[in-house]
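I opened this model to look up a few things about charged pairs and strand order. My entries follow in the order I made them.

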Amino acid sequence: MNKHPARDEILGQVRAALGRRAETSVANVPASARVGPRQAGDANGEIEMLLGEIAKLGGNPRHLESKADLEAALENLVHEEGVKKATMWQTSELKELGVAEYLGTLGVEMISPHADRDQLADCDLGVTGVDAALPETGTLVLRSNPEKPRLVSLLPRVHLAILYPPLLDADLGTVLDKLRDDSCVTFITGPSRTSDIELTVTIGVHGPKALHVWIVEKTDRS
Amino acid sequence: MSAIPTHIDFRRNVQSVEPQVPASVRKATTRFLDTRAAVVDVIGQESWQALRQAGHDVRLHTINHLDYYLARLEEEVTRAGGHVHWARDAQEANRIVLEIAQEHRVKRVVKAKSMVTEEIGLNRTLVDAGVQTLETDLGEYIVQLAGTGPSHIMVPAIHLTKEGIADLFREKLGLDALPEAARLAALARAQLRQEFLAADMGITGANFLVAETGTLVLVTNEGNGRMCTTLPPLHVAVAGIDKVVPDLESLNVLLKLLPRSATGQKMSAYTAFITGPRRTEEENGPKEFHLVLLDNGRTIILQDEITRETLLCIRCGACLNVCPVYNHVGGHAYGFAYSGPIGAILLPQLVGTKVAADLPFASSLCGACADICPVKIPIVEILLRLRRRVVEGDTVEPAVSPATLRLGVQMVARAMSIPWLYDLAGQLLRIAQAPFRRGAWLPSLPPPLNRWTMARPLPALRADWRAAWRRRTPEGRTRQRRIRIALVAALASAAAYVGWRLIQRQDRGE
Ligand code: SF4
């Protein structure tokens, strides 16, 4: 009995059209279809490039040198964006930075990232780390796992992504290679946008309305 | 019921294009071409051309080994915990999706933009079965409210003004809004937020399917794609079998080409890589992931070695932007989901050369589309091949007799392969049409061409519009320069010949 008539018929027709037999394997992908990785520049240049691209896209990038810088920036953000409720990834890096505690002292209510979606949608701020970044395009790479729920960067009104300089990767290819085993990886390049109405660029359609990206110098971690 | 049209009458459709359409279409296409040119400049012409070649090579390799990569994809998606379904045609695909929906008692579906579900008419199937189905891409949401189809791959509501959209919101949603883009977008955001949170199923297409890892790649800007693949407990992706790519390395090439060619972005705001359903209970994301692989005529396209390359398309829309015909008429004239040059070559193959007999002729063969295509699809050759198939299939309407047309097609094919000859022919035609010209039209022509003008006037060949179109891209400008040199050379030799004859006559004392 043929359990998969559609599958077998489609594959059969493909093979007939191409003149291939079922057991025919495949030649390697042609070498001409490969492009080499971009040469990485010096670390500072990469940081500047990343932040520059993000700014061009309507994001708000900052380069923070110390813990005092970070706290001042958080205070500013809470004030400017009117943050009352926030949620955050539960990674050790973010915990070490003490972001949640500091937000608490600013009077922000912290919601668990595993809270139900209505509560998360109600948050003003979602704080995530970044797993890799592509300076050339201003792209942040966010993985997904129990510590790093996908909704934190999606539902709250404002997304704050905090990263360390060593995470800057030179090329899409190198980054993609690291991500083989994840169920979901998201590349974020600037805030959510549309040009669907008369081509007017509008920031913040379905995703967060604002994207803040802070590079924090690692020397400052406890 | 299938959404496949039974006849596409391009010329009649063109006549019902609303007068404001060409201007708004051109505004968008010009913007995209400008931003594209800027990001291509950053990469540099030489690297860009190398990237295009790489894109072409990897796509062609995949299509030439499609059975292998499809089988591999199925294996990997299944390994990641997803379910793979195969659909021979639109009806089967619709049935599969509906069955999944019914099995899970789905009441509300949210959809991200997908050309292929447009192709199979999925929305109608779901709505007819009582499942609320909502487009969530802002442009698609608007055209769904308006009850029309999308008119551009990238900006579906390109034919509507903000005043028109504000009226639509008032009429259909009972919402009062100032006709400002930001306000209208905010209204749609609020409406759709509730729908995302309440939906039982998310439906998306796929930009790419990576065989090696079983990964679905979705390129979006608004974030609605992420909503559809993260919030509902069930995610169904529908994709043509041509969407597969071998591995992450080849994906790298295509991801560099797609957003740059499509919207002139270095990268779209969100690119999601989805491999199966969520892995653990704490994680966000759908509990179940289904992939429907659709043939719907694609295996037939494979049979013709020349037109096969149609399947390399990554749906960037660049060929629409650069096409003089598309810029004149917009997307609806093509009568179905795909428009512009890609529509002109894909539709006749999908729905049959009988149904879409007009479309391979809805082109001036100027070649701008092939020059800009990021995966170097030989669109002009495919158009000519399809014209031939239309004619030899004897399905052309009898305005011009098939025999004459066949000769004409052969002549054009020959002339097209020699650019200066084609250009010279164009110049001569422009001179020859002068006595018959009334404004922009040729209302009547002498036999045998009157068989056309009896039915409808023929637009006059305008000033050198091909040159103007070419100048819109750097590649075109180079080509234009070459043609000009060829033309000057041709005219110079003609003048030399005439001069030589005159001297001969004088010598003979005539
Ligand atoms: S044919 Fe080429 S240019 Fe046109 S949409 Fe497809 S990939 Fe883009």
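**Entry 1: a pair in chain B.** I began with B:Glu135 and B:Lys111, and found both buried. The model is predicted, and I read it as such. The two side chains form a salt bridge, with the closest N and O atoms 2.8 Å apart. I then looked up where they sit. B:Glu135 lies in strand β3 (residues 132–135) of chain B and B:Lys111 in strand β2 (residues 108–111) of chain B, so the pair ties together parts that are 24 residues apart in sequence.

**Entry 2: other charged pairs.** I asked how many salt bridges the structure holds over all chains. The count is 27. One of them is between A:Arg20 and B:Asp67, at 2.8 Å from N to O. A:Arg20 is in the loop between α1 (5–18) and α2 of chain A, and B:Asp67 is in helix α4 (residues 66–79) of chain B, so this pair joins two chains. Are these two residues buried or exposed? I found A:Arg20 buried and B:Asp67 buried as well.

Next I checked B:Arg88. Its salt bridge partner is B:Glu92, and the closest N and O atoms are 3.0 Å apart. B:Arg88 has a relative accessible area of 28%, so I noted it as partly exposed. B:Glu92 has a relative accessibility of 10%, so it counts as buried.

I also noted a network of salt bridges in chain B. It links B:Arg72, B:Glu75, B:Glu76 and B:Arg79.

Entry 3: I turned to chain A and traced the strand order. An open sheet is formed by 6 strands, in the order β1-β11-β7-β4-β2-β3, with parallel pairing. Which strands are at the edges? They are β1 (60–64) and β3 (109–111) of chain A, each pairing on one side only. Neighbouring strands of the sheet are turned by 25 degrees against each other on average, direction ignored.

I then went through some of the pairings. β1(A) and β11(A) run parallel and are joined by 5 bridges. Within that pairing, A:Pro61 has A:Val213 in β11(A) as its bridge partner.

Two helices came up here. Helix α2 (residues 43–56) of chain A packs on the sheet and touches β1, β7 and β11 of chain A. The direction of α2 makes about 155 degrees with that of β1(A). Helix α3 (residues 67–81) of chain A also packs on the sheet, touching β1, β4, β7 and β11 of chain A. I read about 175 degrees between the direction of α3 and that of β11(A).

**Entry 4: strand β7.** How many of its residues are buried? The answer is 6 of 6. I checked each side in turn. A:Val158, A:Leu160 and A:Ile162 are buried on one side, and A:His159, A:Ala161 and A:Leu163 are buried on the other, so that both faces are covered. In a regular strand the side chains alternate between the two faces of the sheet.

The neighbours of β7(A) came next. Strand β4 (residues 125–129) of chain A runs parallel to β7(A), with 5 bridges joining them. There A:Thr128 has A:Ala161 as its bridge partner. Strand β11 (residues 210–216) of chain A is joined to β7(A) by 6 bridges, again parallel. On that side, A:Leu163 has A:Ile215 as its bridge partner.

Technical notes:
Residues numbered from 1 in each chain as written. Chains lettered and ligands numbered in written order. Predicted model: local features only at pLDDT ≥ 70, side-chain atom pairs only at ≥ 80, totals over all residues. Heavy atoms only, no water. Buried < 20%, exposed > 50% of the residue type's maximum accessible area, 1.4 Å probe, protein only. Helix = DSSP H or I, 4+ residues; strand = E, 2+ residues; numbered from the N terminus. Pairing = 2+ DSSP bridges. Axes fitted to C-alpha atoms, helices over the stretch in contact; angles between N-to-C directions. Contact = heavy atoms within 4.5 Å. Salt bridge = Lys/Arg side-chain N within 4 Å of Asp/Glu carboxyl O.
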